[in-house]
Amino acid sequence: MTQSKDFHIVAETGIHARPATLLVQAASKFTSDVTLSYQGKDVNLKSIMGVMSLGVGQGADVTIKTDGDDEESAMAAIVEAMETEGLAE
Amino acid sequence: MDYKVLAENILNDVGGKDNIDTAWHCATRLRFKLKNEKLADTQKIENLDGVVTVVKSAGQYQVVIGNAVAKVFDPLAEMADLENVDSQNDDKTTETKDNVLNRFIGFISSVFTPFLGAMAGAGILKGLLALFVALGWLTTKSGAYQIWYAAGDGFFYFLPILLAFTAAKKLKVNQFVAVALATTLVYPTLVAITASSQTINFFNIPVIPTTYTSSVIPILLAVWVMSAIEPLLDKIFPESIRNIFTPLFLLIIMAPLTLIVVGPLGASIGAILSSGVSAIYNFAPALAGALLGAFWEVFVIFGVHWTFVPVMMNNISRLGYDPLLPILSVAVISQAGAALGVFLKSKDTKMKSLAGSSVATALLGITEPTIYGVTLKLKRPFILASIAGAIGGAIAGGGQAHASSFTLPSLLALPTYLGSGFISVIIGLVVAFVLGTVLTYLFGFSKVGNDHTTIVAPVQKDGVQQLITPVTGTIIPLKNVKDEVFASEAMGQGVAIVPNDNTIKSPVAGTISAVYPTGHAIGIISQYGAEVLIHIGIDTVELNGQFFKTLVQQNQKVSVGESLVEFDREAISEAGFDTTVMLIITNTPNYNVVVTENTLAGTDEQILTLTSRQEDSTPVYKGEVQHV
């Protein structure tokens, strides 16, 4: 069962290099596929360049999906990363 | 809001001063390195009035405050006895390297920067009016002229007030007290006393009448002195009355101090200059012309040029002509020439439009936007304009050009120069203008943008990719970058360059994969699959696009050496940011990344070599990159 969660980006600089790196690091610890969707485009959350290519800014609504054996813990790690970085609510 | 109380609360809630290893601040955040983050009560801090949020990142405990961060930081630093505070501002290091003159010029242009657009607008209005009068479309007596003239000239007449505001902000003193001080200098009663050349006394100290309207240096010096006195007064008065008593005593002290010492100091320097130049003219007109042509705009900056006015007036009434005025027009026109050079050369849209409009205003005699917005800001064009002015001035001076009446120097004053030596003014003007343009175009400032030299595409030999440097400058190891995320190679391996140029070029042939709206970072996927991220400066995301100009679009194909981004290196470091450019391979696990052993990166020099670790070097992200 795929996990899916919506985030509203509050960080004033959006998902930029630093937060992108932390999200990618969080996602990369897991074997599940992790996808970030924004404005109808999906990218692999394990790729910094992929995440940055979306240019997610402040106020954006994004959806993150995890799919695989450890999808629940992957999602939990991403939620935690989002929160500790003050990225999203 | 009482920032002191806020600072105290934050200090307590991060675990007291003993828990702080180091603390500094950037544009919006207090940044702590705490000995033990667990001792900090994040929730409590986040709930404090004045705190936006808390961010824990890269080993830093960051308290987001907003623009008022310095006001919180200062008392906090005091309470926590932070002695060697690392300021994120690299200003300190860069400033010590710069000499005093450069810092002074930097300060002057930074206080003008906030209102350059408005100043250019007012200047154009003034220029248009002068033109309309010259063409006979308006008379100076008409109501329309007078209203528009007031609108255009008001800005320049009351320039000290505007400068007080920006200088006070820059020097962190009470802006409104600074403005009050400036209004004192241009207060109608005092202006009238100066105009009638009366002398007044401050108790028994004579106050030498000095013109402050349109002046620049007196108020800047005054605000600077104020920045030394204000903290002392703040210390003397208890907090409950400080709000009123500090301004009160600042005004009591600063107004006479400025009027008695600061202003007349400039005036007496000016008097020496004007009599000196007149004396030189009598035996060597060409030399006087060269000196005046070179230094007139410097005199204008220091506000000592007013002392020349009585000398010229006196010449006209005594001799029927003045030989200095034509030379001044030459000096003014040389600045217009330099601005045209900047206009032709600059690829920066903002600078281009400012330079373009300031050519027209300078030709019409309004040089403030030209000097403060363009030539002095870039420094070298100002010097080149002075050289052009010296040569043109020598021609006009040597040709014994005369002005038959007093008109402010500009092209519009030409009719008053008719008569003996007229041809030498014309030649002097043309030489100054053309030379100003050409010198600036050739040597004005380090080349910005666009030379599309053809470079051979990087070789893919046995899975090897070569990357050229995105910018010229000094190569430093990524681990020396003052940002944990980059230095730790969390984003990937790569290299950093301390730039000495303002254009980022593509290190590879490929496709633009990420264009960040703020322009400070750009991603490229090379034709062989390397994900290349170029990040310009540290924390420059906070600039929100200011000083950056992206020249390419997402999904655009680029070739090696193609210009991608232009950035204003000087302005960025002036704003307090580190301008180091990071070149990162974000899919590092696919490669062995080898950095060049050179320490300097010249134009298009090779900087990174990537060797594939696996056959398949396709990008690891899924989905199509689309334009956003």
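In the predicted model, Phe249(B) is part of helix 12 of chain B, which covers residues 239-283. The relative accessible area of Phe249(B) is 31%, so this residue counts as partly exposed. Phe249(B) also belongs to a nonpolar surface patch of about 710 Å².

Chain B as a whole was examined next. The chain has 628 residues, of which 51% count as buried. Its secondary structure consists of 21 helices and 20 strands.

Ala120(B) is located in helix 6 of chain B. With a relative accessible area of 7%, Ala120(B) is buried, because the cut-off for this class is under 20%. When residues up to four places away in sequence are not counted, Ala120(B) touches Leu354(B), Ser357(B), Thr361(B) and Pro369(B). For one of these, Ser357(B), the separation along the chain from Ala120(B) is 237 residues, whereas the C-alpha atoms of the two are 7.3 Å apart.

Thr580(B) sits in a loop of chain B, between helix 21 (569-574) and strand 17 (581-585). Its relative accessible area is 6%, and Thr580(B) is therefore buried. The side chain of Thr580(B) makes a polar contact of 2.6 Å with the side chain of Asp578(B). Apart from neighbours within four places in sequence, Thr580(B) is in contact with Ile476(B), Val481(B), Ala496(B), Ile497(B), Val498(B), Pro499(B), His535(B), Ile536(B) and Gly537(B).

Salt bridges were then considered. Side chains of opposite charge can pair when their charged atoms come close. Over all chains, the structure holds seven salt bridges. One of them joins the side chains of Arg31(B) and Asp539(B), with a distance of 3.3 Å from N to O. These two residues belong to distant parts of the chain, 508 residues apart. Arg31(B) is in strand 2 (residues 29-34) of chain B, while Asp539(B) is in the loop between strand 13 (531-536) and strand 14 (548-550) of chain B. Arg31(B) and Asp539(B) are both buried. Together with Glu542(B), Arg31(B) and Asp539(B) are linked in a network of salt bridges.

A salt bridge is also formed by Lys126(B) and Asp153(B), whose closest N and O atoms are 3.0 Å apart. Lys126(B) belongs to helix 6 (residues 116-135) and Asp153(B) to helix 7 (residues 143-157) of chain B, so this pair ties together parts 27 residues apart in sequence. Lys126(B) and Asp153(B) are buried.

A further salt bridge is found between Arg242(B) and Asp234(B), with the closest N and O atoms 4.0 Å apart. Arg242(B) counts as partly exposed because its relative accessibility is 24%. Asp234(B) is likewise partly exposed, with a relative accessible area of 26%.

The final part of the analysis concerns the contact between the two chains. The size of an interface is often given as the accessible area lost when the parts come together. Between chain A and chain B, the buried area is about 2400 Å², and carbon and sulfur atoms give 59% of this area. The residues of chain A that lose the most area to chain B are Arg18(A), Lys41(A) and Met49(A), which together account for 28% of what that side buries. The contact involves 26 residues from chain A and 34 residues from chain B.

The count of salt bridges between chain A and chain B is zero. One residue pair across the two chains is in polar contact, counting pairs with both residues at pLDDT 80 or more. On the side of chain A that touches chain B, the elements giving two or more residues are helix 1 (17-28), strand 3 (41-44) and helix 2 (48-53). Helix 2 of chain A gives the most to this side, with five residues.

Definitions and conventions. Residues numbered from 1 in each chain as written. Chains lettered and ligands numbered in written order. Predicted model: local features only at pLDDT ≥ 70, side-chain atom pairs only at ≥ 80, totals over all residues. Heavy atoms only, no water. Patch = residues over 30% accessible without salt bridge, like charges linked within 9 Å, V, L, I, M, F, W, Y side chains within 5 Å. Areas by Shrake-Rupley, 256 points an atom, 1.4 Å probe, with all protein chains shown as cover. Helix = DSSP H or I, 4+ residues; strand = E, 2+ residues; numbered from the N terminus. Buried < 20%, exposed > 50% of the residue type's maximum accessible area, 1.4 Å probe, protein only. Contact = heavy atoms within 4.5 Å. Buried area = accessible area lost by both parts, 1.4 Å probe. Polar contact = N/O pair within 3.5 Å; in protein donor to acceptor, adjacent residues only side chain to side chain.
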